[in-house]
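User: Could you walk me through this structure? I'd like to start with the terms you use and then go on to particular residues.

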Amino acid sequence: MSRTFLFGLLCILSRVGWGQCITLKGTIKEAVSGPAVQANFSVRMNGTKQAVGKSTEQGTFSLLLPCSATALMVEKKGFRTLVIPITGNEGTAAFFVDLELYPVDKQTADRPYFQSEQQDLVLAGKDSTRSDRYAVRYFKLIDEQTKLPLKGEVCLLYTKTDVKKCLPISNSTKGEKVVFTQEDIVGVIVTVNGYQTYNGNLIIDRLDNQSSVYEIALSRMVSMIAFSINASNATPNSTVKLVDVGNKPVPLRMADETHGYARVTTGSDYRLGWYSGSLKKTAERVITQVKGLHLVSLTVTEPSPLPAARPPLSGTVAIPAARTILFSQSQYELSLSARQTLDSVAYWLKQNPEMKAQITGFTDNVGNPGLNKTLSEFRAKVTIHYLTARGVPDDRLVGRGLGDQSPAAPNDTEANKVRNRRVEIKLLPDSFTGLK
């Protein structure tokens, strides 16, 4: 494996602990006119912000996101920053989504605009000393896309007096009245349930004893369900369906037969199902209180439990043989077959609470031994993360990495090296405290 790759992997481990386990692909474009956008992507996790890549000039992106990411942020100068909470992640998987960015409101006098567009400005002050001058403005909130009125709250932060005033905004066609009696640059914060927060400014430089209406357009919070279907036994006519609480089908956008997404309503419940060619449902997941980007991995094949169901509480316990999963060279992503093996391990452990699992990662002997050990530890951690996401308590999982030590086969041919790029899972009594 390359030194560059493993150095990058070491940096990842030091920053995020669990490393990257979400692959997110898709396209991004401007919401109004539709051209592709080259934007910067970052994630929020553990109270910090970390860059994860950017889209191409054609608007396509392919990102590796940390397992612990709690929000995705998309930024482009001249556009509104998009902040999307990430929920539902259950382990290593790939997902597909399409995203849109809305242009910002540019700086102008007597009209709200985004704070990011603020430029140096000195007010002339010609009307600021006259007590008989004023400006009446009506604040109205609308949906950026539908232009329909919205109900929310506007908070005004007056620069000169350092006073903050908040007023509720109804969804009336007229808007809510505010009287300005002095020139000022006023901060404007708008919040509407289900919409991105509007952080803007307002230049009051004309006390004309007149009235006018401010329409502030808000973009909706992104709420979508992205799914990855593990369907090793899919028939040619197999399909995925998503329905709401009223059993009404939700339109899907598919990247291929097993990956896609749907735009949904924030806070609502849905059912995701996989149907065979005979339209017989073979797998289903109930998704509740959707918020932001909800990631769902659905395994179609029933997990085959390991031998020995629940062991007796006394006498000799029959412990199943070790399970092994394999990895590609220099990689740590779990394959479909690895996930299916781990599904059966998780099933068995939940049926046998008196047992624990020892997770040991290995590599082949290609590359720096120290970095190989780091990669083996990372493979073990990704495996543990997947099992805990399947409901196995983390205190019943013990992980370590041994690098290129204890090879399963001589590192003399590629076929043998494949056998050494592995994680071994040994099932042990819960009373066992050492490492084998």
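Analyst: Buried means under 20% relative accessible area, exposed means over 50%, and partly exposed lies in between, with a 1.4 Å probe and protein chains only. This is a predicted model, in which local features need pLDDT of at least 70 and side-chain atom pairs count only at pLDDT 80 or more, while totals for chains, interfaces and linings use all residues. Residues are numbered from 1 along each chain as its sequence is written, and side-chain values use heavy atoms, with hydrogens and water left out.

User: Ok, is glutamine 289 buried or exposed?

Analyst: Glutamine 289 is exposed, at a relative accessible area of 56%. Glutamine 289 is found in the loop between strand 21 (281-287) and strand 22, where strands (E, at least two residues) and helices (H or I, at least four) are DSSP runs numbered from the N terminus.

User: Since you mention helix 2, how many residues does it have, and what does it span?

Analyst: Helix 2 has 16 residues and reaches 23 Å from its first C-alpha to its last, close to the expected 22 Å, a figure that is 1.5 Å times one less than the number of residues. Its buried residues include Arg339, Asp343 and Trp348.

User: Switching topic: which residues touch the most other members of the largest nonpolar core?

Analyst: They are Phe41, Leu72, Val74, Val97 and Leu99, out of 32 residues in that core, a nonpolar core being a set of buried Ala, Val, Leu, Ile, Met, Phe, Trp, Tyr and Cys residues joined through side-chain atoms within 4.5 Å. Strand 7 gives the largest share of this core, 6 residues.

User: What is leucine 72 in contact with?

Analyst: Leaving aside neighbours within four places in sequence, its contacts (heavy atoms within 4.5 Å) include Leu24, Phe41, Leu63, Ile84 and Leu99.

User: And for the whole protein, how many helices and strands are there?

Analyst: The protein has 4 helices and 26 strands, and 46% of its 436 residues count as buried.
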